[in-house]
Structure formats: C-alpha cells, structure tokens
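Keep the structure open beside you as you read.

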Amino acid sequence: MNFGFSEEQEELRKMVRRFLDEKSPETEVRRLMATDEGFDPAVWRQMADELALQGLGIPEEFGGQGFGPVELYVVFEEMGAALLCSPYFSTVALAANAVLLVGTDEDRASYLPGIASGDTIATLALTDDTGQWDLASTSVTARDTDGTWVVNGVSNYVTDGQSASVVFVPAMTEAGLSLFAVELNASGVERTSLATMDQTRKQSRITYADAPARLVGSDGGALAGLETTVQIALAALAAEQVGGAQRVLNNAVEYAKNRVQFGRPIGSFQAIKHKCADMLLDVESAKSAAYYAAWAAQERNDELPIAASLAKSFCSEAYFHCAAENIQIHGGIGFTWEHHAHLYFKRAKSSELFLGDPAYHRELLADRLGI
C-alpha cells in the first residue's frame with residue numbers, strides 16, 4: 001500500500017491548482033453562488049477542452065482518459081480548496097460512476113462520451129422527500145408501459161439538478177431497485193431550485209409524473225452498483241473536505257503570523273498555538289483517512305465500504321472543526337459575512353450532511369464490522 005503520489009499526479013495537482021487560482025478566486029465564487037445556474041459555462045468548457053477533467057476517470061473506449069480514483073482525488077482536493085462552483089462533483093463522482101457500475105456497455109456508450117467531452121451535465125438523485133440515504137427505501141417508482149418506462153415520485157436535495165440535462169434516478173419496480181435516466185426537459189418533469197445554506201453547491205427538488213425514462217442496466221439489478229457508486233463518491237467528498245480543511249488551516253496560520261496585538265503576532269499566544277496545532281492534527285489525520293479511501297476505491301477491494309464511511313465520518317468533523325476554529329482565530333472580522341471564512345464554514349457544514357452525516361456512517365461502520 002503506497003499513499004505517496006507519483007510525479008505525474010503531482011503535476012496534475014499543480015496544473016489544476018494554477019487553473020483554479022485563475023478561474024475560482026473568492027470574487028468569482030461569490031459572483032457565481034448568487035446566480036441561478038451556480039457555475040460558469042465557459043469555465044466548464046475550458047475544464048473539458050483544455051484540461052480534460054470531466055473525462056479523467058472515464059475509460060478511453062468511452063471517450064475518457066482512463067485514470068482512476070486516485071487521480072480524481074487530486075482534482076477533488078484542489079476543487080475543495082478553491083470552493084469551485086461547478087457541477088463537477090454531481091457529473092463525475094455521481095452520475096458517471098453510476099453509469100459505469102450499473103449500466104451496460106450500450107448505456108456507457110450512450111452517456112459517458114457526452115460527460116467526458118463536457119457536453120453533458122448530469123446528476124444522480126439519491127434521496128426523496130424524506131432525505132434518507134438508504135437507497136432501498138426510495139419512494140420513487142417506475143413501471144413499464146408497453147415497452148416504455150415511466151417514472152413517478154419526487155427526488156429531493158438533488159445536487160446541481162437545476163443545471164443538469166439528465167438525471168439518473170434510482171426507482172423501485174416490481175423486480176426491485178433499478179436505475180433510470182430521465183431527460184430533465186422531458187414532459188412530466190418539474191424542477192424547483194432550493195434555498196441552501198451553502199450557496200456554492202446548488203440543490204433542486206425534481207417531480208416526476210409519468211416522466212419518460214430509459215432503463216440503465218437490468219431491471220431490479222441496480223442496488224449493488226449504486227452502493228459502490230456512493231462509496232466512491234464518499235471518497236471523492238472526503239478529498240474535497242481535506243482540500244478545504246488544508247486551505248482554512250493555511251489561512252488561519254497566515255493570519256496568526258501577521259495579526260499583531262499587544263505588540264506581537266497573535267500566533268505567539270499559547271491559546272492560538274493550541275488551536276493551530278489541533279487544526280494541523282485534524283488535517284493530517286483526515287488526509288490519512290481520505291488517502292486510504294482513495295486507495296480502496298482504486299483497488300475496488302472489500303475494504304472500500306469501511307474505508308469510505310471511515311473517511312466520510314472523520315473528514316466531515318475535521319473540516320467543520322477547522323472551519324470553525326478559523327473563524328475564531330480571525331476574531332471579529334471572521335464573524336462578518338464579507339470574510340471568506342464563512343464560505344468555508346458553510347461548505348464544511350453542508351458537506352458534513354451530504355451523503356450521510358458522521359453518525360450515520362459510524363452506524364454503517366459498526367454494522368459492517370459486526371460491533
């Protein structure tokens with residue numbers, strides 16, 4: 001097991017960091033999070049045409065670059081640090097993996113080339129109005145009507161549902177949990193944007209009323225593939241959280257070095273030293289958990305379910321703690337909305353709940369470990 005990054009992976013990190021430094025400064029984040037779309041289509045196009053990021057983890061036979069979760073981890077970590085406003089997570093970590101793991105080769109050939117080229121923005125609807133992350137308990141249903149599938153029900157808290165052109169919907173049929181692709185401009189589909197605490201990641205409520213759909217994979221055969229999809233997405237989200245936690249640690253340390261009170265930098269005060277030390281411990285421990293999850297996702301071994309829930313539960317709490325301490329270290333100015341500390345604080349809280357909160361994943365861990 002090697003948790004070190006190769007020279008090529010480090011070059012990828014530098015390339016993505018340079019791009020995000022230019023395209024996702026704080027001013028641009030604040031501008032985009034106030035728009036209905038929540039992202040810049042021109043930047044999305046550049047990500048696909050110049051950096052090929054959307055196709056990074058898609059096999060070459062379907063128009064992608066053929067890399068694995070570790071390379072994607074590097075990208076997600078940098079995006080988390082920059083708070084990039086983009087439907088990248090929903091399209092790449094969720095939708096593309098769902099098609100790869102649940103769909104047939106015909107399904108992959110239909111959807112993955114569009115995702116890899118940046119032409120298709122997609123998402124995966126994992127929850128209904130209950131907000132529960134248990135896939136098998138969804139209230140969304142589908143039925144076959146003379147050879148055409150239709151979907152009924154509600155998907156809620158759908159990440160980037162307003163900007164996506166297609167949503168992949170887990171729905172119950174007579175055979176069991178199945179996955180369906182629904183074009184979001186089709187008849188019987190209604191989208192409503194939701195007000196969110198974290199405005200950098202948009203959410204929607206989608207209603208289906210006999211919405212025409214295409215079966216992805218086999219009828220009743222989606223559960224195992226979707227569970228693995230979520231586990232890989234958890235590793236990607238942990239990477240985002242590590243990137244954000246590292247950035248707020250850097251910001252806190254920089255401020256502590258430069259802010260002078262009583263004739264000396266506040267970083268020389270014992271209370272501030274302790275806060276920074278605790279943040280560093282959180283960040284380094286979170287990296288270990290996230291690297292382990294990325295390795296397990298790359299190997300696709302039996303450790304993935306445990307590693308994914310472990311990383312999500314620990315990295316969620318580590319990021320939120322670091323974001324909160326960053327505000328404390330900045331003092332009065334850190335409590336103002338105009339300060340960037342609040343952007344990371346809100347992203348940390350929303351990421352803590354996204355795909356299941358720490359308590360939910362600790363319960364999954366206990367069940368999987370038999371304790």
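## The largest cavity

In this predicted model, 13 residues line the largest cavity, and those nearest its centre are Leu 32, Asp 40, Val 43, Leu 84 and Cys 85. Two elements each give two or more residues to this lining: helix 2 (26-33) and helix 3 (41-49). The space itself has a volume of about 80 Å³.

What kinds of residue surround the largest cavity? Sorted by class, its lining has eight nonpolar, two polar and three charged residues.

How many cavities of 30 Å³ or more does the structure hold? There are six of them.

You can trace the lining of the second largest cavity residue by residue: Met 79, Leu 84, Ser 86, Tyr 88, Phe 89, Thr 200, Arg 201, Glu 240 and Arg 347. By class, these are four nonpolar, two polar and three charged residues. Look again at Leu 84: this residue lines the second largest cavity, and Leu 84 is also among the residues nearest the centre of the largest cavity.

## The largest pocket

Now turn to the largest pocket, whose volume is about 420 Å³. Its lining is made of 17 residues, and Trp 133, Gln 203, Ser 350, Leu 353 and Phe 354 lie nearest the centre. Strand 3 (148-159) and helix 10 (341-353) are the elements that give two or more residues to this lining. Which of them gives the largest share? That is helix 10, with three residues.

## Where two helices meet

Helix 10 also has a packing partner. Helix 9 (residues 304-330) packs against helix 10 at an angle of about 160°, and their axes are 9 Å apart. Angles over 145 degrees count as roughly antiparallel, so helix 9 and helix 10 are roughly antiparallel to each other. Their crossing is left-handed.

On the helix 9 side, the residues making the contact include Lys 312, Tyr 319, Phe 320 and Ile 327. On the helix 10 side, they include Tyr 344, Phe 345, Arg 347 and Leu 353. Sorted by class, the contact has 10 nonpolar, four polar and five charged residues.

Two of these residues link back to the spaces above. Arg 347 takes part in the helix contact and lines the second largest cavity. Leu 353 is part of the contact too, and lies among the residues nearest the centre of the largest pocket.

Terms used:
Residues are numbered from 1 along each chain as its sequence is written. This is a predicted model: local features need pLDDT of at least 70, side-chain atom pairs count only at pLDDT 80 or more; totals for chains, interfaces and linings use all residues. Side-chain values use heavy atoms; hydrogens and water are left out. On a 1 Å grid over the protein atoms alone, a cavity is a set of points where a 1.4 Å probe fits but cannot get out, and a pocket is an open set with protein on both sides within 12 Å along at least five of seven lines; lining residues have an atom within 4 Å of a point. Grid points are joined across faces, edges and corners, and a volume is the space filled by probe spheres set on the points. Helices (H or I, at least four residues) and strands (E, at least two) are DSSP runs, numbered from the N terminus. Ala, Val, Leu, Ile, Met, Phe, Trp, Tyr, Cys and Pro count as nonpolar, Asp, Glu, Lys and Arg as charged, and the others, Gly among them, as polar. Axes are lines fitted to C-alpha atoms, for helices over the stretch in contact, and angles run from 0 to 180 degrees between N-to-C directions. Angles under 35 degrees count as roughly parallel, over 145 as roughly antiparallel, 65 to 115 as roughly perpendicular and the rest as oblique. A crossing is left-handed if the near helix is turned anticlockwise from the far one by less than a right angle, and right-handed if clockwise. Contact means heavy atoms within 4.5 Å.
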